[in-house]
Structure formats: C-alpha cells, structure tokens
Amino acid sequence: MKNINYLISGVLAVCIIILFILHFTSRTQEPNVKSGNKFSNDSLSGATLPIAYIRVDSLLANYNFSKEVSETLLKKYEDSRLKLNQRARQLQNDIEKFQQKIQNNAFLSRESAENKQKSLIRKQESLQQMEQDLTNDFAQEQQKLNEQLKDSINAFLTIYNESEKYQLILTGEVVLQGEDAYDITEDVINGLNLRYPGKKEE
C-alpha cells in the first residue's frame with residue numbers, strides 16, 4: 001500500500017510539473033532552448049521537458065562503488081553464517097554425545113547429568129544471542145554502506161545537474177514508461193565511475 005501511495009504521488013508530481021511547463025511556455029513567444037532540453041511555442045511535439053529518470057537497477061549493477069558495497073555485504077554475511085554454523089554444529093555434536101551418555105547410563109550421578117544439561121542449555125542460549133548479534137551487526141553495516149552509496153549518488157547528481165538544469169530527476173521505480181530521451185542512466189553511471197573508478201584488479 002505504501003509503495004502504491006509513493007507511485008501515485010510521483011505520477012501526480014510529474015503531471016503537475018508538465019502542466020506548469022505547458023502553462024508558461026504557451027504564454028511566451030521566446031523559445032527557451034537548452035542543449036538536451038528544448039521548448040517551443042510553435043509545437044510541443046518532439047520537445048524535451050526538463051525531466052529525466054534513472055534506471056536504478058542498472059545504476060546499482062554498474063556503479064563500481066555499488067558493486068563493492070554488495071561484495072562487502074555479501075562477504076560479511078557469509079562470514080557471519082560460517083561462524084554461526086560452526087557453533088551450531090559443535091552444539092549439535094555436544095547434544096548427541098549427551099544423549100548417548102544418557103542412554104548408556106554413562107553419567108556417574110544424576111547431578112552430573114543435570115549439570116551437563118544446564119551447560120548445553122546455556123550454550124544454546126549463547127548461540128541464539130550470537131545469531132541476534134550477528135544479524136544486528138549486519139543490518140547496521142548494511143545501513144551504513146547504503147547511506148554512503150546514497151550520499152555518493154546524490155552528491156554526483158547535484159554537480160551533474162548544475163549544467164543539465166533538470167527540474168526533476170526520477171528513479172525507475174516511479175516511471176512506468178519513459179522515452180529514451182529522458183533516460184540519463186548511462187550518463188550518470190559513466191560520471192559516477194569517473195569519480196570512483198573502483199579497486200584495481202590484481
């Protein structure tokens with residue numbers, strides 16, 4: 001429901017801007033011409049409005065910093081799961097040994113068996129806490145890296161738009177259909193990768 005509201009808001013915003021542009025361009029006799037963004041009173045057909053959109057999936061897949069962020073998060077996730085799985089296997093082995101000793105009456109006393117059982121319960125609780133801690137650490141790292149990625153893209157777009165003068169730059173999640181003339185994804189990716197070429201292959 002929230003995504004639908006965002007989508008409707010985005011479409012309404014685009015419609016308002018288009019109506020605003022049509023209103024003012026129809027009242028002046030001087031065409032406003034800009035490279036890539038042209039307006040004409042003679043005909044609006046073929047005119048390019050000061051609006052652009054970015055295909056976010058393509059940007060994230062091709063921006064070097066984004067790829068490094070994904071690799072970092074994937075490695076952190078795999079390392080976390082490895083630690084957790086090792087502890088889980090060790091606990092499972094301890095539980096199986098405990099059960100075998102119970103079946104074979106290998107404990108010297110009932111008290112020693114109860115102490116071992118309590119120890120296993122503490123280990124299980126520790127494992128659950130470890131899983132929670134690793135999950136929280138991963139979520140915090142993911143949020144931090146995503147913020148860095150967002151800041152990097154926004155900082156570039158601010159500089160990029162100083163020359164392009166777009167009134168509105170949308171993301172692909174909002175644009176249901178769009179002409180290629182409004183798609184600046186490739187320009188943005190190239191510009192971002194010039195600023196952040198990424199790690200060199202060894």
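In this predicted model, helix 4 (110-164) and helix 5 (residues 185-195) meet through a defined set of residues, where contact means heavy atoms within 4.5 Å. Helix 4 contributes Ser-152, Ile-153, Ala-155, Phe-156, Leu-157, Ile-159 and Tyr-160, and helix 5 contributes Asp-187, Val-188, Gly-191, Leu-192 and Arg-195. By residue class, this contact comprises eight nonpolar, two polar and two charged residues. Here Ala, Val, Leu, Ile, Met, Phe, Trp, Tyr, Cys and Pro count as nonpolar, Asp, Glu, Lys and Arg as charged, and the others, Gly among them, as polar. Two packed helices are described by the angle between their axes and the distance between the axes. The axes of helix 4 and helix 5 come within 10 Å and cross at roughly 110 degrees. Helix 4 is therefore roughly perpendicular to helix 5, a term applied to angles of 65 to 115 degrees. The axes are lines fitted to C-alpha atoms over the stretch in contact, with angles running from 0 to 180 degrees between N-to-C directions.

Residues are numbered from 1 along each chain as its sequence is written. As the model is predicted, local features need pLDDT of at least 70 and side-chain atom pairs count only at pLDDT 80 or more, while totals for chains, interfaces and linings use all residues; side-chain values use heavy atoms, with hydrogens and water left out.

Five helices and four strands make up the elements of the chain, in the order α-β-β-β-α-α-α-β-α from the N terminus. Helices (H or I, at least four residues) and strands (E, at least two) are DSSP runs, numbered from the N terminus. Of the 202 residues, 28% count as buried, that is, under 20% relative accessible area, with exposed meaning over 50% and partly exposed in between (1.4 Å probe, protein chains only). Among contacts between residues at least 6 apart in sequence, 76% join residues at least 24 apart.

In helix 5, the buried residues are Thr-185, Val-188, Ile-189, Gly-191, Leu-192 and Asn-193. These buried residues pack against strand 3 (51-54), helix 2 (56-62), helix 3 and helix 4. Asn-193 counts as buried because its relative accessible area is 19%. Its side chain reaches the backbone nitrogen of Asn-64 at 2.8 Å, a polar contact (a pair of N or O atoms within 3.5 Å; within protein, one must be able to donate a hydrogen and the other to accept it, and residues adjacent in sequence count only if both atoms are side-chain atoms). Beyond residues up to four places away in sequence, Asn-193 touches Asn-62, Tyr-63 and Asn-64.

Asn-64 lies in helix 3 (residues 64-103) and is buried, because its relative accessibility is 18%. With residues up to four places away in sequence set aside, Asn-64 touches Asn-193, Tyr-196, Pro-197 and Gly-198. A polar atom of the Asn-64 side chain lies 2.8 Å from the backbone oxygen of Pro-197. Pro-197 belongs to the segment after helix 5 and, at a relative accessible area of 58%, is exposed. Although Pro-197 and Asn-64 are 133 residues apart in sequence, their C-alpha atoms are 6.5 Å apart in space.

Lys-165 occupies the loop between helix 4 and strand 4 (168-171). Its relative accessibility of 49% makes Lys-165 partly exposed. A polar atom of the Lys-165 side chain lies 2.9 Å from the backbone oxygen of Glu-162. The C-alpha atoms of Lys-165 and Pro-50 are separated by 7.1 Å, with the two residues 115 apart along the chain.

Methods. Parallel < 35°, antiparallel > 145°, perpendicular 65-115°, else oblique.
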